[in-house]
Amino acid sequence: RDDVESRGLGDVYKRQGFFLDRDDTGEEHVFIQYLSPVRVLTVNGMIDATAGSCILHSCHAHQYFTSADTPLLHDWLHVRGDLDETVLRYGLQYDTLYTVRNSEAVSRLLRQMEEEFLTRPVYFRELLALKMEELLLTVARESKGEGRLCRIPADTMNRFLSLRTRMNDECNCPWSIPEMASLLGFSPSRFCRLYQEIFQITPKRDLQNIRIEHAKLLLVQQRYPVSEVAELCGYTNPYHFIRAFRQHTGTTPKAYSLNH
């Protein structure tokens with residue numbers, strides 16, 4: 001049974017020009033979802049990865065990537081265990097870059113796995129093993145280029161992915177649906193329909209999820225009061241932030257900070 005050993009949220013503060021060069025990943029597989037453009041070492045050499053791309057490194061792999069042109073945003077997890085059968089079953093390959101059309105489906109699974117790993121309820125290891133298989137299945141299915149998203153032009157898809165990356169980088173900005181739609185050249189109604197079709201979530205809900213995930217990162221540092229965390233994550237009213245955080249996590253920001 002695969003054991004998800006550790007999980008790290010993407011560090012939104014890693015600067016432009018950041019690179020990682022790791023000669024040997026050891027006895028662990030490393031799964032990474034890049035949420036901003038990077039250049040990655042793969043089994044096929046160096047490849048420019050678009051936002052939303054994923055890679056699963058084999059044990060003892062040479063891991064290298066760099067974000068020369070933009071700040072780095074990514075999610076990752078480390079896995080100990082034998083994944084060979086699952087990788088083969090879904091037609092995947094280690095150290096290979098996969099462009100995932102519905103990156104939110106992958107992000108959602110990573111958030112669920114993180115929550116399981118941090119809270120460790122009964123049978124959390126068994127559920128993590130199931131979620132790991134679901135994660136690989138999702139990458140395989142969403143990277144095939146078949147189904148509902150084929151009719152969306154590639155340039156439109158990339159513009160939406162770039163916008164979502166910017167929302168992550170600038171979640172403190174007062175984003176509005178009309179502003180986001182205008183940036184991509186769509187009416188607000190068509191923008192919302194396309195956004196939900198691509199990411200399987202409304203832009204308003206997605207922005208709230210992004211802000212809450214950033215808030216979690218700030219809260220565990222225990223460097224900022226709740227009111228400042230709210231401001232850094234785009235909430236002008238700290239009470240609105242506390243209510244949204246409780247609805248999303250089931251606890252208050254202060255309690256989350258103390259318990260994590």
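Colleague: What is the relative accessible area of Arg120?

Modeller: Arg120 comes out at 44%, so it is partly exposed. That class lies between buried, under 20% relative accessible area, and exposed, over 50% (1.4 Å probe, protein chains only). Bear in mind that this is a predicted model: local features need pLDDT of at least 70, side-chain atom pairs count only at pLDDT 80 or more, and totals for chains, interfaces and linings use all residues. Numbering starts from 1 along each chain as its sequence is written, and side-chain values use heavy atoms, with hydrogens and water left out.

Colleague: Where is Arg120 found?

Modeller: In the loop between α2 and α3. Helices (H or I, at least four residues) and strands (E, at least two) are DSSP runs, numbered from the N terminus. Arg120 is not a glycine, yet its phi is positive, about 50°.

Colleague: And what about the phi of Gln222?

Modeller: Positive too, at about 55°, and Gln222 is not a glycine either. Gln222 sits in the loop between α7 (203-221) and α8 (226-232).

Colleague: Which of them point which way?

Modeller: Ser53, Ile55 and His57 go one way. Cys54 and Leu56 go the other. Side chains in a regular strand alternate between the two faces of the sheet.

Colleague: Which strands does β6 pair with?

Modeller: Strand β3 (residues 29-34) is antiparallel to β6, with 4 bridges. Strand β9 (residues 97-99) also pairs with β6 in the antiparallel sense, over 3 bridges. Pairing requires that DSSP finds at least two bridges between the strands.

Colleague: Which residues face each other there?

Modeller: Ile55 in β6 is the bridge partner of Ile32. Cys54 stands opposite Tyr98 in β9.

Colleague: Now packing. Which residues touch the most other members of the largest nonpolar core?

Modeller: Phe31, Leu77, Leu92, Val106, Met132, Leu135 and Val139, out of 24 residues. Such a core is a set of buried Ala, Val, Leu, Ile, Met, Phe, Trp, Tyr and Cys residues joined through side-chain atoms within 4.5 Å. β6, β8 (74-80), α2 (103-119) and α3 (124-142) each give two or more residues to this core. α3 gives the most, with 7 residues.
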